[in-house]
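Give the cut-offs along with the values.

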Amino acid sequence: MGFFTKSSEQLQSGLSATKRAWTQRLKKAVLGRSSVDADLLEELEEVLLISDVGVATTQKIMDQLQKRVSKEKYLNVSELDKLLYDEMVALLSATASSQNVNTDNLQVVLVVGVNGAGKTTSVGKLAHRYKSEGKRVMLAAADTFRAGAVAQLRLWSERVDVPLVELNEGSDPASVAYTAVERAKKEQVDVLLIDTAGRLHNNANLMQELAKIQRVVQKVIPNAPHEVLLVLDGGTGQNAFMQAKQFAEATAVSGLILTKLDGTAKGGVVIGISDELEVPIRYIGVGEGVEDLLTFDAKEYLDSLFGDA
Ligand code: GDP
Ligand code: MG
């Protein structure tokens, strides 16, 4: 690789802690061994689990590797990286391509996830991204539960310079969403990003609230929301898996945003989470800045993880 694009540099630096941990663990597992044998596979399984790849996905990878090992007489440990890489690319690509077909002019994107996952920040970053593509963007502050939440989104709307729809504090989030979709339609907006609340202590209510938002949005545009993006804090490892499952059960999640991959060694979640949920990862967050949201590309991600750079 002769040069790096800006996003691949961001990816490299964002993933550095994950990469370091991953490389060290792999090195330690193969230390003093020459062939890929049953003992090494056992060590490897542990490496995958510790690296937050997730139980189900680790099992899938191990099954595949086992097949390769029993088929081929001798596999040198130097081939292990390539074996793993190939399995992971296959897993990630299986869910990476399903893009929603949207025939409406307005694309409504509902952003969900627990408190602190990075929803509002991701909405701001997405607004910036769409705007730079020349799209007309609008934000809706449907997290009306905390006073600070609306103010935080307002800051982003000013920073990115896109309009914000907000109602009084404590308003019904569904009313905000409804008002916003009507206005977005009237003003010929291309992308409406709806920020939502994520208090986890009352899970049933939260899920009902999200369902209600979806229902009222559909009164204006039957196919909306065109995307439901679930935001997960990548630094929480196994917790992110559990949250993802809860949300996926309650709402039709169409894509994932994994945030805070910078400064965590738990970037292995990326490998298992979309496989387990059968939902593609759309974006990854690698910092707090407006540009720190990257389109997820499985090969690029794994190249950074396994590469020499
Ligand atoms: P919300 O409660 O889901 O809306 O979460 P926020 O958007 O308010 O984010 C919570 C905190 O995480 C804030 O301090 C953000 O700046 C921070 N944050 C969000 N995304 C990222 C990311 O990709 N990297 C880092 N380092 N911080 C992030
Ligand atoms: Mg928020």
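Leu 139 has Leu 193 of strand S4 as its bridge partner. This is a predicted model, where local features need pLDDT of at least 70, side-chain atom pairs count only at pLDDT 80 or more, and totals for chains, interfaces and linings use all residues. Residues are numbered from 1 along each chain as its sequence is written, chains are lettered from A and ligands numbered from 1 in the order written, and side-chain values use heavy atoms, without hydrogens and water.

Strands are DSSP runs of E with at least two residues, helices runs of H or I with at least four, numbered from the N terminus. Two strands pair if DSSP finds at least two bridges between them. Strand S2 (residues 137–142) runs parallel to S4, joined by six bridges. Strand S1 (residues 107–112) also pairs with S4 in the parallel sense, over five bridges.

Six of the six residues of S4 (residues 191–196) are buried, so the strand is largely enclosed by the rest of the structure. Buried means under 20% relative accessible area, with a 1.4 Å probe and protein chains only. Val 191, Leu 193 and Asp 195 point one way; Leu 192, Ile 194 and Thr 196 point the other.

Now the ligand. Polar contacts here are pairs of N or O atoms within 3.5 Å.

| Protein atom | Distance to an oxygen atom of ligand 1 |
|---|---|
| Gly 116, backbone N or O | 2.7 Å |
| Gly 287, polar backbone atom | 3.3 Å |
| Lys 125, side-chain N or O | 3.5 Å |

The protein covers 80% of the 590 Å² of accessible area that ligand 1 has on its own (Shrake-Rupley method, 1.4 Å probe). Helix H6 (residues 119–132) gives the most to the shell around ligand 1, with four residues.

Key. Buried means under 20% relative accessible area, exposed over 50%, partly exposed in between (1.4 Å probe, protein chains only). A polar contact is a pair of N or O atoms within 3.5 Å; within protein, one must be able to donate a hydrogen and the other to accept it, and residues adjacent in sequence count only if both atoms are side-chain atoms.
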